[in-house]
Amino acid sequence: VNITTIGVGQDYDPKSLVALSKESNGMHYYAENEAALPGIFDAQAKAMASVVAMGAEASIHLAPGVKVLSVLDRVHRLETASDGTVTVHVPLGQFTRNERKTVLVKVALEPTTSDAAKVGEVELAFREVGSTTFSKVSGVLAAPIGNDGTLDPLVETRVQRSETAAALLKANQLFEAGKAKEASSILS
């Protein structure tokens with residue numbers, strides 16, 4: 001279930017609301033006052049009317065020797081098989097028409113002499129609205145070897161956004177703990 005949360009005014013703690021919405025693949029909105037609520041409710045109703053798939057989950061089955069370093073901006077769980085291979089499960093919730101969701105996983109690959117290293121396979125399971133059965137689509141993941149170290153622009157943007165958000169959260173925690181000097185050093 002996707003849960004949307006709304007914080008109204010300045011007198012609430014956004015941490016729990018943001019965490020609840022993030023954990024459930026929902027949205028969090030901030031409303032300056034009660035007059036802003038109808039617009040938020042209308043946008044949510046419109047989004048709910050355009051849902052085309054529910055219960056979506058990406059499962060990334062990593063190839064032998066591929067190690068997960070981090071999964072950015074997504075709730076996830078890791079499953080290790082008896083042969084040592086790892087599967088990363090990422091719940092994506094519901095999809096609306098024309099919506100895109102991405103999963104960014106930072107991995108370490110073993111050295112290879114080929115032009116591309118197999119990273120693994122990805123499977124997306126979802127239930128179409130009105131259906132009681134799950135559909136699945138899958139594909140193969142590979143990484144080019146010997147590139148100049150640059151990332152795809154979409155990936156670079158996601159990495160920068162994620163690193164900025166993590167730095168801001170860490171700085172906020174340090175400020176709240178009374179460690180203003182440490183927090184300032186993170187932000188500079």
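Modeller: I begin with Glu123, which is partly exposed because its relative accessible area is 24% (buried means under 20%, exposed over 50% and partly exposed in between, with a 1.4 Å probe and protein chains only). This is a predicted model, in which local features need pLDDT of at least 70, side-chain atom pairs count only at pLDDT 80 or more, and totals for chains, interfaces and linings use all residues. Residues are numbered from 1 along each chain as its sequence is written, and side-chain values use heavy atoms, with hydrogens and water left out.

The side chain of Glu123 meets that of Lys136 in a salt bridge, with 3.9 Å from N to O (a salt bridge is a side-chain nitrogen of Lys or Arg within 4 Å of a carboxyl oxygen of Asp or Glu). Glu123 belongs to strand 8 and Lys136 to strand 9 (residues 135–144), so this pair ties together parts that are 13 residues apart in sequence. Helices (H or I, at least four residues) and strands (E, at least two) are DSSP runs, numbered from the N terminus. Lys136 counts as exposed because its relative accessibility is 56%. Side chains of opposite charge can pair when their charged atoms come close.

The structure holds 4 salt bridges. In another of them, the side chains of Arg77 and Glu57 meet at 3.3 Å, N to O. This pair links distant parts of the chain, with Arg77 in strand 5 and Glu57 in strand 3 (residues 51–62), 20 residues apart. Arg77 has a relative accessible area of 44% and is therefore partly exposed.

A further salt bridge joins Arg158 and Asp73, whose closest N and O atoms are 3.6 Å apart. Arg158 is part of helix 3, whereas Asp73 sits in the loop between strand 4 and strand 5, so the pair ties together parts that are 85 residues apart in sequence.

Asp73 leads on to the largest pocket. A pocket is an open set of points on a 1 Å grid over the protein atoms alone, where a 1.4 Å probe fits, with protein on both sides within 12 Å along at least five of seven lines; lining residues have an atom within 4 Å of a point. The lining of the largest pocket has 37 residues, and those nearest its centre are Ser21, Lys22, Gly26, Met27 and Asp73. Two or more lining residues come from each of helix 1 (14–23), strand 2 (28–31), helix 2 (37–49), strand 6 (86–96) and helix 3. Helix 3 gives the largest share, 10 residues. The space in this pocket is about 1,300 Å³, where volume is the space filled by probe spheres set on the points, joined across faces, edges and corners. By residue class, the lining has 13 nonpolar, 14 polar and 10 charged residues (nonpolar: Ala, Val, Leu, Ile, Met, Phe, Trp, Tyr, Cys and Pro; charged: Asp, Glu, Lys and Arg; polar: the others, Gly among them).

Two other loops deserve mention. Asn98, in the loop between strand 6 and strand 7, has a positive phi of about 65° although it is not a glycine. Asn98 counts as exposed because its relative accessibility is 76%. Pro111 lies in the loop between strand 7 (104–108) and strand 8 (116–128), and it counts as exposed because its relative accessibility is 83%. The C-alpha atoms of Pro111 and Gly65 are separated by 9.8 Å, although these residues are 46 apart along the chain.

Finally, the whole chain provides the setting. It has 4 helices and 9 strands, which follow the pattern β-α-β-α-β-β-β-β-β-β-β-α-α along the sequence. Of the 188 residues, 25% are buried. The C-alpha atoms fill a box of roughly 60 × 55 × 35 Å, taken along the principal axes.
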